Amino acid sequence: MKCISIETSRRDEMIDISMELQRAVTAAGVKDGLIVAHCPHTTAGLTINEGTDPAVKNDLIDCLSDLVPWDRIYGHAEGNSPAHVKASLMGASVTLIVEDGRVVLGQWQRVFFCEFDGPRPRNVYLKLMAS
Amino acid sequence: MKCISIETSRRDEMIDISMELQRAVTAAGVKDGLIVAHCPHTTAGLTINEGTDPAVKNDLIDCLSDLVPWDRIYGHAEGNSPAHVKASLMGASVTLIVEDGRVVLGQWQRVFFCEFDGPRPRNVYLKLMAS
Amino acid sequence: MKCISIETSRRDEMIDISMELQRAVTAAGVKDGLIVAHCPHTTAGLTINEGTDPAVKNDLIDCLSDLVPWDRIYGHAEGNSPAHVKASLMGASVTLIVEDGRVVLGQWQRVFFCEFDGPRPRNVYLKLMAS
C-alpha cells in the first residue's frame with residue numbers, strides 16, 4: 001500500500017490525483033490488474049469526472065451544496081454534517097483497471113479527491129493488484 | 001480488458017448490461033474472483049438496482065432530474081452539467097464478485113449503464129480478476 | 001465467498017459491519033489484498049462514514065429522506081421507490097484494502113449497511129482477494 005498526501009486550500013475543493021495513481025502503477029511496474037484508491041477521511045471522498053473545464057468541478061461542488069445545505073439543522077455537534085453526507089454521496093474509493101502499465105480512464109476522465117471540510121492535510125491510500 | 005458497446009436512444013436511459021458481464025466471465029472461463037465494469041464517459045455512469053419493474057428505472061431517472069435540474073444555472077459552457085453531476089452520484093464503476101463462474105447479483109439486482117446525456121454510442125470496459 | 005446475515009429493526013437504519021469484515025479477513029488468513037462487500041438487495045446499500053457520533057448516521061438518513069421524499073409520486077407500484085433511489089445513491093458495494101491482516105479504514109471510518117426499506121432480514125456477501 002502506498003500513501004499520497006494532499007493539502008487542500010478551501011472548504012470545498014476537487015483536486016486531480018490521476019497523475020499520482022499513474023505514478024504508483026509505473027513505480028510498481030504493474031502491467032495489468034486493478035488499482036484501488038481509498039480516502040480514509042469521513043468528510044472527503046473520491047470521484048471520477050471531467051478534468052478539462054474547471055467549471056465542471058465547480059458545478060459539482062455547487063450542486064452538492066444545494067443538495068446538502070450548510071444552513072439546515074443537523075444533529076452532529078461538530079457542525080460538519082453536510083461534509084459527511086457529501087462524502088457518502090461521492091464514495092470513499094474508486095477502483096480502476098490497469099492495462100499495459102496504464103491506469104484506464106476515458107478521454108475526459110480524471111480522478112478527483114473531493115474535499116468537503118477543508119482546508120486540511122489529507123491522505124489517499126493506493127493499492128495495486130496484478131492480474 | 002474487454003470492451004462492450006452500447007447505443008443509447010434517449011437523453012436519460014438505464015440499460016441492463018448484466019448479461020454482457022456474465023458473457024465476459026463465461027468466455028474467460030473465470031470461476032472465482034472479481035469483475036470490474038468501468039464507464040469511461042463523464043456524462044454517464046453505472047449502478048445496480050432492480051430490473052424487473054421498469055418503473056424503478058424511471059423513478060430513479062426522474063429523482064436524479066429533480067435533484068440536479070436542467071433549468072438551474074451552471075458554469076460549464078457545454079450545457080450538460082447536470083449529466084456530469086449525475087455521473088458522479090451514480091459512480092463510474094461497479095465491482096462484482098464472481099463465484100462458480102457466475103456474476104453474483106441478488107435476486108432482483110441488475111447492472112445498469114446510466115445515460116444522462118444521450119443519445120450516443122457508449123462503451124463499458126470489463127476487467128476480470130481470478131482469485 | 002462468505003455471507004453475513006443482518007436483522008434490521010427500522011425502515012431506515014445504518015448498521016456498522018466493520019467487525020464482520022475484519023473477522024472474515026482474520027479467518028481467511030489473508031495478509032494483503034482487497035475485500036469486497038456486496039449488498040445483494042435493491043432497497044439497501046453500503047457506505048463508509050463516521051461511526052463514533054451516532055448523530056452522523058441520523059443526519060445522513062435524514063438528508064437522504066429530504067432528497068428522496070416518501071410523499072413524492074412514484075411509478076413503482078410497490079411503493080418503495082425512495083428506498084431504491086437511496087440504494088443507488090449509496091451504492092451496492094465497497095472495496096477495501098487489506099494490509100498486514102487488517103482491513104484498512106481511516107481513524108473515524110466504519111463500514112455501514114444502509115437499510116432503506118426495513119425492518120427485514122438482510123445479507124452481505126464478502127469476497128477476499130489476496131495480492
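Chain A contains an open, antiparallel sheet of three strands in the order 2-7-4, where strands are DSSP runs of E of at least two residues and helices are runs of H or I of at least four, both numbered from the N terminus. Two strands are taken to pair if DSSP finds at least two bridges between them. The edges of the sheet are formed by strand 2 (13–16) and strand 4 (44–50) of chain A, each of which pairs on one side only. On average, neighbouring strands of this sheet are turned by 35° against each other, with direction ignored.

The model is predicted: local features require pLDDT of at least 70, and side-chain atom pairs count only at pLDDT 80 or more, whereas totals for chains, interfaces and linings use all residues. Residues are numbered from 1 along each chain as its sequence is written, while chains are lettered from A and ligands numbered from 1 in the order in which they are written.

Strand 4 and strand 7 (residues 109–115) of chain A run antiparallel and are joined by seven bridges. Within this pairing, A:Ile48 has A:Val111 of strand 7 as its bridge partner. Helix 3 (residues 81–90) of chain A lies across strand 4 and strand 7 of chain A, at about 50° to strand 4 of chain A. Axes here are lines fitted to C-alpha atoms, for helices over the stretch in contact, and angles run from 0 to 180 degrees between N-to-C directions.

In total, chain A has three helices and eight strands, which follow one another from the N terminus as β-β-α-β-β-α-α-β-β-β-β. The C-alpha trace of chain A spans about 50 × 30 × 20 Å along its principal axes. Among the contacts in chain A with a separation of 6 or more, 83% link residues 24 or more positions apart, a contact being two C-beta atoms, placed from the backbone, within 7 Å.

Chain C is superposed on chain A by a rotation of 120° with 0.0 Å of shift along its axis (RMSD 0.0 Å). The two copies are thus related as by a three-fold rotation axis. The superposition is by least squares on the C-alpha atoms of residues with pLDDT of at least 70 in both copies. C:Leu89 is the residue of chain C that comes closest to the rotation axis, at 3.5 Å (C-alpha).
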